[in-house]
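Hi,

Here is the structure I promised to pass on. Have a look at it first, and then read my notes below.

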Amino acid sequence: MYIYDEYDQRIVEERVAQFRDQTRRYLAGELTDPEFLPLRLQNGLYVQRYAPMLRIAIPYGLISSKQMRKLALIAREYDKGYAHFSTRQNVQFNWPALEDVPDILAHLAEVQMHAIQTSGNCIRNTTTDQFAGVAADELVDPRPWCEIIRQWSTFHPEFAYLPRKFKIAVNGASEDRAAIGVHDIGLNVVKNDAGEIGFRVLVGGGLGRTPMVGSEINAFLPWQHLLSYLDAILRVYNRYGRRDNKYKARIKILVKALTPEVFAERVAAEWQHTKDGPTTLTEDELNRVAGHFSAPAYESFSGDDADYLAKREAEKGFNNWAMRNVHAHKVPGYAAVTLSLKPTAVAPGDATGKQMDAAAELADRFSFGELRVTHQQNLVLADVRQADLHALWEAAKELGFATPNIGLLTDIICCPGGDFCSLANAKSIPIAEAIQRTFDNLDYLHDIGDLDLNISGCMNACGHHHVGHIGILGVDKKGAEFYQVSLGGDSGRNAAIGKILGPSFAAEDMPAVVTKVVDVYLEKRTPEENFIDTFQRIGMDPFKERVYAATH
Amino acid sequence: MQQLIKRDALVKETWHLLPADTTLEGLSNSDDLIVPLDLWLEHSHALKARDGGLGVWLNSDEEVEAIADDLEHFQVVALNFPVFSDGRSYSNARLLRDRYGYKGEVRAIGDVLRDQLFLMKRCGFDAYVIREDRNAEEALQSLKDFSEVYQAATDQPQPLFRRRG
């Protein structure tokens, strides 16, 4: 992974000193609340329902065991002993004291971490595929590009006060596990016929109140021009994005108003002035950054590990876990493993300090000391020998990481919701738990197969409900908490926004509603279909008829 | 009393910033004036004929392209921040410097706060009118918040990746 040099380290340390002074001035009454607000937000600090919430960047989801142990220490010393891994591959602490935040940032700087631009109307943490660098279907490793974008966006002086927040995602595989279609900018690293690397550039995707899939504005941007082209997009947005209404301020609204074609022309016109300038990336810089992501010292195996395959045959529990939580690796004899943070009755994405320490231990023992955080709110060990999988499974079971549900209905993406967040209309975690309890039969769950169920407690869509195959949105109905269901969303290569099923439901009806939706799928599916395939074939009506027929 | 930081030091203010609805009538001939964009666009001949210094100010929703051909006439271009969270004037400043080659003073006016100064300086501002209720002496410190930067901007056209040792 990327290791800071003296420059990177100095910038992060100077940030700590800057924020320490800003906090001192705020506590001394020299800064008003509205003035401190953008300063603390650009450092990931929200004032939440019960206490400040501090969001720490995990750049593109990559974290070392040493960094994970530091997070565990922060959880213990400054929080209530746990942390929450978010849908943007970041980590959040829900109970720090405001005056402790500078000290927490100093701890983070010791292990090359920070909270820079994890919130506020600026360029946020760049996200990518959790299997970057190891996925069998990968064409180009996206991580060097993510790091290059991280450095370019860090304290970019022109774009610190954008109309609204700005999120960039990068994908380099044939599957899209980074959901680039629903980001302000989605970058697909591609190779042209000559084998040269470039980017397919999507702009204007996003969730929130006006969910949209991004539009392509450049089919092949040669890699050397990545940063000057991003500068051009951001400059057009900074100048012409709406600032009169925060709900219409995201770049997607500007792209739609201008049309993607006109937006692309504006960007191209702006770019002509800066193209080929000093911001043009160099081979040296690419090599320098890419060198940090070279392959670890893999052992050489000729193919799958025979003992691993035999154990799968022999032990049903191990096989269930391997089917869902073990993923193909580009190197023979290795696998990537998801550690589930979603056992039933735990808030999705939550981990205790003890679990974080334990995950770090597993990373050291089995996966070259590195972990990844996924946007589905789980952890990944990306480089595990197949021969070690059984031992890893045993250890993960002990630690509560082995729920064999990755990609299944109970692997729910869920925001903190009304239990924690001051923006929420409704609670989300209890809904997730009720659904997990209803679908507790593992064979049944495996039979249902791949199904993304996402829950957001409000329109801001932190739980990505628009792109859940089944999406659930908490709404306020005359002061009561209700839930609106949508079907057919998809965050992958065929990104789509789900369609609303119909009138919303009370919390206690939600498990039954989901059961009915799943029943329709099970009755109508063909042998090769997953839920989303059946939905696309038969449409909304059969689901609607079943769900509403029974409730009236 | 206006507090003006210019090239990293507190200086005495000599310019008069005229409000947006200013008309030509009764305008001083010899004072140093920063006039609103509309006044310049309507009366550039008369303004050029004055003896005093001339500057122009643009609000955040006005575009520097409007004065791109007139820059030789201005000793000061002031860019307004109606609220500190409105970031459009950062782009206007960079365009003034990087694209149109303006060498005069680029002044930040309006809701200018200490914690924005470092960013403003990077975008080509070299003068800042600090809010009257703030300590301008202390604000000077924030021009030095960071000793190193990643990306190219007006103050440092070479990105760090071309300078890393």
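At what angle do helix α12 and helix α13 of chain A pack, and how far apart are their axes? Keep in mind that this is a predicted model. Helix α12 of chain A covers residues 353-366, helix α13 of chain A covers residues 389-399, and the two pack at an angle of about 175 degrees. Their axes are 11 Å apart. An angle over 145 degrees counts as roughly antiparallel, so that is what α12(A) is to α13(A).

Which residues make this contact? From α12(A) they are Gln355(A), Ala358(A), Leu362(A) and Phe366(A), and from α13(A) they are Leu392(A), Ala395(A) and Leu399(A). Sorted by type, the residues of this contact come to six nonpolar and one polar, with no charged ones.

Now over to chain B. You'll find four helices and eight strands there, and if you walk along the sequence they come in the order β-β-β-β-α-β-β-α-β-α-β-α. Chain B has a radius of gyration of 16 Å, close to the 15 Å that the globule rule gives for 165 residues, so it is as compact as a globular protein of that length. Along the principal axes, its C-alpha atoms fill a box of roughly 55 × 35 × 25 Å.

Technical notes:
Residues numbered from 1 in each chain as written. Chains lettered and ligands numbered in written order. Predicted model: local features only at pLDDT ≥ 70, side-chain atom pairs only at ≥ 80, totals over all residues. Rg over C-alpha atoms; globule rule 2.2 N^0.38 Å. Axes fitted to C-alpha atoms, helices over the stretch in contact; angles between N-to-C directions. Parallel < 35°, antiparallel > 145°, perpendicular 65-115°, else oblique. Contact = placed C-beta atoms within 7 Å. Nonpolar A, V, L, I, M, F, W, Y, C, P; charged D, E, K, R; others polar.
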